[in-house]
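Hello,

Here is the structure we talked about handing over. Please open it, then read the notes below alongside it.

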Amino acid sequence: MSLTRVELEPAYILQVRAYRETSELLEIFSPQYGRVGIVANGSRRPKSKFRGYLNPFQPLRLSWSGRGDLMRLNALESSRERFDFKETKVISAFYANELLLKLLHRSDPHPSLFVHYASFLEGLGNGDEVEFLLRRFEMELLTEIGYSLVLNIDCVENKLLDPGQLYEYQIERGLIPVNSDEKNSLTYLGEDFSAIARLDFTKKSTRRAAKRLLRRVLDFHLGDRVLQTRRIASAMRY
């Protein structure tokens, strides 16, 4: 197996775990290499050159090398301070990290998704509307990993949605028109589905529809993998 050597690749750390006596195991996300597992040898020692820098939500440039699935961290540069989120925003940021950890395969590059993720963090740091940022990131993530939602076409008649017609979203099929007596948790007006497709979350009904729809679709693709950040967010509300 050939040696991999990467020099100062832009990256964010998605997860940090203690590894052996003095090291840490990192899951990082970079534009050209996707999700990568990296060992930071000795990073928990008081005088480690990496100490204090291996944090989520901090733009970094990382150098690593190795063979196989687990690389070794060689060097690090920090371009700015880490984003400092408060209250629910930090949960939203960790939620995005958890989605990337659970839905991305290692060594599968997604340069556009990396840009979207960086923009998501920037928006949280700037105080942008959290719900809008989350829905946009979820939509972009699904598109990048091959599960984009077609929300402006009736899949039965293959025509644009009627704003006043009720439609049900069926996973792996699409939108089908229904009557009012067939309503369920994924049934909304055509105008709401069309607004979600445009990433227009101005109306309350659209925000409610997008939250339920994207949760159901993400759960389908996650399978039996549970999102711990959802449990934490739910507990914080009580």
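F94 is partly exposed, with a relative accessible area of 33%. Bear in mind that this is a predicted model. The partner of F94 is F57, and the two ring centres sit 4.9 Å apart. Their planes are at 70 degrees; over 60 counts as edge-to-face, so that is what this pair is. F57 is buried, at 1% relative accessibility. F94 belongs to helix 1, while F57 is in the loop between strand 3 (34-40) and strand 4 (60-66). The pair therefore ties together parts that are 37 residues apart in sequence.

That contact is not alone. The count of aromatic pairs comes to 10. Ring pairs also build a cluster, and its members are Y12, F29, F114, Y117, F120 and F137. Two numbers are enough for such a pair: the distance of the centres and the angle of the planes.

Next, the charged side chains. Side chains of opposite charge can pair when their charged atoms come close. Eight salt bridges are counted here.

Take the two contacts of E27 in turn:

- R35 with E27: the closest N and O atoms are 2.9 Å apart.
- R106 with E27: the N to O distance is 2.3 Å.

Is E27 buried or exposed? E27 is buried, because its relative accessibility is 3% and the cut-off for buried is under 20%. R35 is buried as well, with a relative accessible area of 12%. R106 counts as partly exposed, at 32% relative accessibility. What does the R106 and E27 pair tie together? R106 lies in the loop between helix 1 and helix 2, and E27 lies in strand 2 (residues 23-30), so the bridge joins parts that are 79 residues apart in sequence.

Another salt bridge is the one between R198 and D200. Its closest N and O atoms are 3.4 Å apart. R198 is exposed, with a relative accessible area of 54%. D200 is partly exposed, at 28% relative accessibility.

Last, the backbone. Most residues other than glycine have a negative phi. Two residues deserve a look on that score.

S107 is one of them. Its phi is near 60 degrees, a positive value in a residue other than glycine. Where is S107 found? S107 is in the loop between helix 1 (88-103) and helix 2 (111-126). R106, the salt-bridge partner of E27, is in that loop too. S107 is exposed, because its relative accessible area is 59% and the cut-off is over 50%.

N158 is the other. Phi of N158 is near 55 degrees, again positive in a residue other than glycine. N158 lies in the loop between strand 6 (153-154) and strand 7 (159-160). N158 is exposed too, at 63% relative accessibility.

1. F57 and F94, the edge-to-face pair.
2. The aromatic cluster that includes Y12 and F137.
3. R198 and D200.
4. S107, with its positive phi, then N158, with its own.

Best wishes

Note on methods
Residues numbered from 1 in each chain as written. Predicted model: local features only at pLDDT ≥ 70, side-chain atom pairs only at ≥ 80, totals over all residues. Heavy atoms only, no water. Helix = DSSP H or I, 4+ residues; strand = E, 2+ residues; numbered from the N terminus. Buried < 20%, exposed > 50% of the residue type's maximum accessible area, 1.4 Å probe, protein only. Salt bridge = Lys/Arg side-chain N within 4 Å of Asp/Glu carboxyl O. Phe/Tyr/Trp six-rings, centres within 6.5 Å; stacked < 30°, edge-to-face > 60°.
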